[in-house]
Amino acid sequence: MEFKKKILCIGAGYVGGPTMAMIAYKCPHYKVTVVDINPTRITQWNSNDLPIYEPGLDEVVKAARGRNLFFSTDVENGIRESDIIFVSVNTPTKMFGAGAGMASDLQYWEKTARKILNCADSPKIIVEKSTLPVKTALAMERILTSNGNSNQFEVLSNPEFLAEGTAIKDLEHPDRVLIGSRETESGLKAREELAEMYANWVSRERIITSNIWSSELSKLVANAFLAQRISSINSISALCEKTEADISEVARAVGMDSRIGNRFLNASVGFGGSCFRKDILNLVYLCRHYGLNEVADYWESVITINEYQKERFVINMLNAMFNTLAGKKICLFGFAFKANTGDTRESPAIFITKKLLAEKAEVIITDPKALSNARVDLEGVSGKVSYSEDPHEATTGCDAIAVLTEWDIYQNLDFKKIYQSMAKPAFIFVGRNILDHKKLFEIGFNVYPIGKPGLTHF
Ligand code: UDX
Ligand code: UDX
């Protein structure tokens, strides 16, 4: 079959994999190839056991794979063959040198740009999919014009706004698709070419365009705003615990103001995930770089509150359990950073486990999808940790449960049976307000929710 366009994506991760699967699924007349330097990842993408868990992903991949969706390790050939190249390699927080702990580590990005330059033998549109500091496109353009390669490269910014756990839904029905370009004739033409691809399934009103720097910055700012809402509600959860106000009631009342809206107001044990912390640090670093210290401090406080919230959770456990956790068995319900994903990057559970182990508690972890990642995260950490997929088995003989991920299954457990199998007094610390606290209390648990008065038998 003759394809209308050939698309390549470099980086088959949480972003590149699902995004390309959706493009291939919706655009059968485009050939979509996803490449990655990690051969294991590619083998998994070509198998029935995909490297990431995402509701609905299996079906989309199965429908398109082998038809117009291909996974490969041949980066060079992929570059030569394609018209449009998405770059979706990881851009972790830099851990060395200038900007360590704040700035983005762009080494994979730069290597990818150089590889494109060396392999390309025809004009290409290069699309930034990874979240990047503002002005990265400029660096990309400079590299691409550096060695006299006469082919024209047009760099676009097209940030991805999908959230894990709902990636397929977000990709299929995005709030908006944002495409930033240079406002030159060739830039505008490339912008339209990409818009045309999305128009196969997204209505034109939702495909918005901007200059390239606005596009890069919008992605950082969108994540910063989302995280800011969580830190705002979490900061108030601490106040609720002191004043007998109830955070769910406050969030409902505040969120019904149509100017504020009700989403992202769930108090929690803190936000995790690969993006929020990294992107805010990036924003803070950029502001400091430009001498905007007040702006930097403002956004940095979003992270400070998140750290405080995680810390506070463990301190509350310690206080409630008579100021000692040594030798006590604590079962964590959930290790993923949110429900419906196996991803544990920046999960509050990692921090909490380490703190509990430092208190010499024994930690038993249960999670329906994240245990293999949890094992990797906790490799080499000293202390007693064990894993079980079955929450009933995991809680047997435990002194306390800490609910860290809002998996639906935790709402339908037989808590009576769980209570009976636990040591007494039995504690439950609810880091996600998803359970019926009153019922748990009536069963016999001492219940410590986030942002609500505790229900205890003492
Ligand atoms: C990544 C970025 O972290 C994020 O900022 C951006 O918004 C989207 O891309 P994610 O897809 O979650 O997010 O990252 P990850 O799952 O780590 O996937 C990146 C993939 O790129 C990995 O499979 C890695 O092997 C691959 N890679 C990395 C390359 O193929 N080439 C490289 O040079 C570097
Ligand atoms: C986020 C953005 O939502 C997405 O647009 C962007 O592309 C990538 O970063 P993601 O990190 O996958 O997506 O998940 P998200 O649903 O935003 O949750 C992030 C964290 O915030 C999770 O730990 C979640 O549990 C927490 N959260 C979310 C809360 O604690 N309370 C809320 O009300 C919402």
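Me: What's the relative accessible area of Phe 225?

Reply: Phe 225 comes out at 46%, so it's partly exposed. On this scale buried means under 20% relative accessible area, exposed means over 50%, and partly exposed is what falls in between, using a 1.4 Å probe and protein chains only.

Me: And what sort of model am I looking at?

Reply: It's a predicted model, where local features need pLDDT of at least 70 and side-chain atom pairs count only at pLDDT 80 or more, while totals for chains, interfaces and linings use all residues. Residues are numbered from 1 along each chain as its sequence is written, chains are lettered from A and ligands numbered from 1 in the order they're written, and side-chain values use heavy atoms, with hydrogens and water left out.

Me: OK, rings then. How many aromatic pairs are there?

Reply: The count is 15 aromatic pairs. One of them is Phe 225 with Trp 299, a tilted pair with 5.6 Å centre to centre and 35° between the planes. Rings of Phe, Tyr and Trp (its six-membered ring) pair if their centres lie within 6.5 Å; planes under 30 degrees apart are stacked, over 60 edge-to-face, and the rest tilted.

Me: Is Trp 299 buried or exposed?

Reply: Trp 299 counts as buried, since its relative accessibility is 10%. Trp 299 also pairs with Tyr 298, edge-to-face this time, at 5.0 Å centre to centre and 80° between the planes. Tyr 298 itself is partly exposed, because its relative accessibility is 44%.

Me: Which rings link into a cluster?

Reply: Ring pairs join Phe 322, Phe 427, Phe 429, Tyr 448 and Phe 458.

Me: Switching to ligand 1. Which residues are closest?

Reply: Val 15, Asp 36, Arg 41, Thr 131 and Lys 278, out of 20 residues surrounding ligand 1. A residue gets into that shell if one of its heavy atoms lies within 4 Å of the molecule.

Me: What are the polar side chains of Asp 36 and Arg 41 doing there?

Reply: Asp 36 puts a polar side-chain atom 2.5 Å from an oxygen atom of ligand 1, and Arg 41 has one at 2.8 Å from a ligand 1 oxygen. The protein covers 90% of the 690 Å² of accessible area that ligand 1 has on its own. That's by the Shrake-Rupley method with a 1.4 Å probe; for residues, only the protein chains shown count as cover.

Me: And how does the ligand 1 shell divide?

Reply: Six nonpolar, nine polar and five charged. Ala, Val, Leu, Ile, Met, Phe, Trp, Tyr, Cys and Pro are counted as nonpolar, Asp, Glu, Lys and Arg as charged, and the others, including Gly, as polar.

Me: Now ligand 2. Which residues come nearest?

Reply: Phe 161, Glu 164, Ser 268, Lys 338 and Arg 432, from 20 around ligand 2. The shell splits into eleven nonpolar, four polar and five charged residues. Its largest share, four residues, comes from helix H9 (residues 212-243).

Me: Which backbone atom of Gly 272 lies by a ligand 2 oxygen, and how far?

Reply: An N or O atom, 2.9 Å away. A polar backbone atom of Asn 266 is also 2.9 Å from an oxygen atom of ligand 2. Ligand 2 exposes 660 Å² when taken alone, and the protein buries 92% of that.

Me: Last one, Thr 405. Where does Thr 405 lie?

Reply: In the loop between strand S12 (400-403) and helix H16 (415-421). Thr 405 is buried, because its relative accessible area is 0%.

Me: What does the side chain of Thr 405 reach?

Reply: The backbone oxygen of Ala 336, at 2.8 Å. The backbone nitrogen of Phe 335 lies 3.4 Å from a polar atom of the Thr 405 side chain. A polar contact is a pair of N or O atoms within 3.5 Å; within protein, one must be able to donate a hydrogen and the other to accept it, and residues adjacent in sequence count only if both atoms are side-chain atoms. Leaving aside neighbours within four places in sequence, Thr 405 also has contacts (heavy atoms within 4.5 Å) that include Lys 338, Asp 367, Tyr 410 and Arg 432.

Methods: Helices (H or I, at least four residues) and strands (E, at least two) are DSSP runs, numbered from the N terminus.
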